[in-house]
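Dear colleague,

I am passing on the structure we spoke about, and below it I set out what I found on going through it. Please read the notes with the coordinates open beside them.

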Amino acid sequence: MPATEKPLWWEIRRAHNRKPASYRCPLCGELLPALSEHMLMFPEGDHSRRRHAHTECVLEARRRGRLPTRSEWQRTQPPRRSAASRWLRRLAGR
Ligand SMILES: [Zn+2]
């Protein structure tokens, strides 16, 4: 996945797939039979771009601090709005 398209956060949930298809896990690149136990990953909650991944790959990536959930990502964000409004106030005062 190109770095520029790296999602900031992921919605992750258990897959309930009954279709006999197979997918490629984006985390390890190996094939993933849809009927096996696995997880769905939605980049920034976008359900049209969902990816199927091995449960153990998702758990491993989470242990390494990758695949943050939305609330985990938000906790890492500086309070951008207040910084911008300070900057605007400084501009206006000139
Ligand atoms: Zn995998």
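Predicted model: local features only at pLDDT ≥ 70, side-chain atom pairs only at ≥ 80, totals over all residues.

The atoms concerned are SG of Cys25, SG of Cys28, ND1 of His54 and SG of Cys57, which coordinate the zinc ion at 2.0 to 2.4 Å. The angles among these four donor atoms run from 101 to 119 degrees, and the site is tetrahedral. For reference, the ideal angle for four tetrahedral donors is 109.5 degrees. Cysteine 28 belongs to the loop between strand E2 (22-24) and strand E3 (31-33), whereas cysteine 57 belongs to helix H1, so this pair ties together parts that are 29 residues apart in sequence. The two cysteines also fall into separate accessibility classes: cysteine 28 is partly exposed, with a relative accessible area of 35%, while cysteine 57, at 16%, counts as buried.

Turning to the sheet, I find an open arrangement of three strands in the order E1-E4-E5, with antiparallel pairing. Its edge strands are E1 (10-14) and E5 (51-54), each of which pairs on one side only, and the twist from one strand to the next averages 30 degrees. Between E1 and strand E4 (residues 38-43) the antiparallel pairing extends over five bridges, and within this part of the sheet glutamate 11 stands opposite phenylalanine 42 of E4. Helix H1 (residues 55-63) packs on the sheet and touches E1, E4 and E5, its direction making about 85 degrees with that of E5.

Which residues of H1 are buried? They are Thr55, Cys57, Val58 and Ala61. Seen down the axis of H1, these buried residues fall within an arc of 165 degrees, so they line one face of the helix. The buried residues pack against E1, E4 and E5, whereas Glu56 and Arg63, on the other side of H1, are exposed. For threonine 55, which has its place in helix H1, the relative accessibility is 18%, and this residue therefore counts as buried, the cut-off being under 20%. Apart from neighbours within four places in sequence, threonine 55 is in contact with Glu37, His38 and Met39.

On the strand side, arginine 13 is worth a look in the viewer. This residue is part of strand E1 and is partly exposed, with a relative accessible area of 39%. Setting aside neighbours within four places in sequence, arginine 13 has contacts with Met39, Leu40, Phe42 and His47. From arginine 13 to alanine 61, a separation of 48 residues in sequence, the distance between C-alpha atoms is 14 Å.

There are also some backbone values to check. Glutamate 44, in the loop between E4 and E5, has a positive phi of about 50 degrees although it is not a glycine, and at 37% relative accessibility glutamate 44 counts as partly exposed. Leucine 67, in the loop between H1 and H2, likewise has a positive phi, near 55 degrees, in a residue other than glycine; leucine 67, however, is buried, with a relative accessible area of 7%. Just after H1, glycine 65 takes a positive phi of about 85 degrees.

Finally, where does threonine 69 lie? Threonine 69 is found in the loop between H1 and helix H2 (70-75), and with a relative accessible area of 24% this residue is partly exposed. Its contacts, leaving aside neighbours within four places in sequence, are with Trp9, Trp10 and Arg62. Threonine 69 and leucine 8 are 61 residues apart in sequence, yet their C-alpha atoms are 8.7 Å apart in space.

Definitions and conventions. Residues numbered from 1 in each chain as written. Heavy atoms only, no water. Pairing = 2+ DSSP bridges. Helix = DSSP H or I, 4+ residues; strand = E, 2+ residues; numbered from the N terminus. Axes fitted to C-alpha atoms, helices over the stretch in contact; angles between N-to-C directions. Contact = heavy atoms within 4.5 Å. Donors = N, O, S within 2.8 Å, 3.2 Å for Na, K, Ca; no water. Tetrahedral: all angles 85-135°; square planar, octahedral: opposite > 155°, others 65-115°. Buried < 20%, exposed > 50% of the residue type's maximum accessible area, 1.4 Å probe, protein only. Arc of directions from axis to C-beta.
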